[in-house]
Amino acid sequence: MCDKAEVVENFYGVYILYCINPKFRGRTYIGFTTDPNRRIKQHNKGQKAGGAFRTSNKGPWEMVLIVHGFPNDISALRFEWAWQHPDRSRRLQNLDRKGINGQQYNFRLQVLAHMLRAKPWSRLPLTVRWLKQEYMKEFPAGMEPPVHMPIAYGPVKPSKVKNSEETIDVLQQDDAMCLICKGLVKQSDIMRCLSSSCPLIAHIRCLASHMLQRELPGTILPLEGSCPSCGITMLWGDLVRLKRGCYQLTEDVKDEHWAEALSQIT
């Protein structure tokens, strides 16, 4: 298991706790956090320290898994609620509960597997991270997370968003021409490629429409698509992160699948 914490900017995560107290062993708790390291300490110190009522005086607890990569806290909180209440979530109405059984922990993980493949979550650039590998379980065959959702291992360290020099340079430029529609692009509407060597400048709507050509009819936002300038494959979620200043531009990415390209970024 990797002991070095991976730094993640703009962090919003939904986690599952596992109780190791012999009296309550096997109980679980699902919650939302922007700082998992601080949150697990609060849970184990009790309600007076900021922990939840349901976990107070039942510890110690282990934070075994966290799903992160949500665009904002509202998106993460909705995911948290649905994971806590799968029987009440309209997103999980088609969930086959006959195939979900077993202990509470296994049940929660099986619900998670269904959620990651259900809209709208299946289209988000999420990461499934095992914080404690000794509790790791394989996803059921045919219920693995979508290919654009990596499974990571080890601790994570949230970090506040800092604009990169490249992003600051873009914000200081004059309005430019959209490569797709040839119209003027205002600074607030500029989208760039993930490769710093690519000259792409486009309207948000124009780039989304271009990437939607590979999606099913009726889809509002793209999941991934190719850059109309250099041709690399990109995740829409990463383009949004880049626009917000919380994604590091790559020096030179060859025309290959985004998963292979992003694996080279450190």
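Among the contacts in the protein chain with a separation of 6 or more, 61% are between residues 24 or more positions apart. Please keep in mind that this is a predicted model.

The protein chain has seven helices and 13 strands. It holds 266 residues, and 46% of these are buried. Its accessible surface is about 14700 Å², with 50% of that belonging to carbon and sulfur atoms.

Now to the aromatic rings. How many aromatic pairs does a search of the whole structure find? The search finds five. One of the pairs is Y18 with Y105, and this pair is edge-to-face, with 5.2 Å from centre to centre and 75 degrees between the planes. Y18 belongs to strand β2, residues 13–19, while Y105 belongs to helix α3, residues 104–116, so the pair ties together parts that lie 87 residues apart in sequence.

Are these two tyrosines buried or exposed? The cut-off for buried is under 20% relative accessible area. Y18 has a relative accessible area of 12%, so Y18 is buried. Y105 comes in at 6%, so Y105 counts as buried too.

A second pair is F70 with F79. This one is tilted, at 5.1 Å centre to centre and 55 degrees between the planes. Both F70 and F79 are buried. These two phenylalanines also belong to one aromatic cluster, together with W83 and W121.

The last item concerns a charge and a ring. Which residue lies over the face of F24? That residue is K58, at 5.9 Å from the ring centre.

Conventions: Residues numbered from 1 in each chain as written. Predicted model: local features only at pLDDT ≥ 70, side-chain atom pairs only at ≥ 80, totals over all residues. Heavy atoms only, no water. Helix = DSSP H or I, 4+ residues; strand = E, 2+ residues; numbered from the N terminus. Buried < 20%, exposed > 50% of the residue type's maximum accessible area, 1.4 Å probe, protein only. Contact = heavy atoms within 4.5 Å. Areas by Shrake-Rupley, 256 points an atom, 1.4 Å probe, with all protein chains shown as cover. Phe/Tyr/Trp six-rings, centres within 6.5 Å; stacked < 30°, edge-to-face > 60°. Lys NZ or Arg CZ within 6 Å of the ring centre and 35° of its normal.
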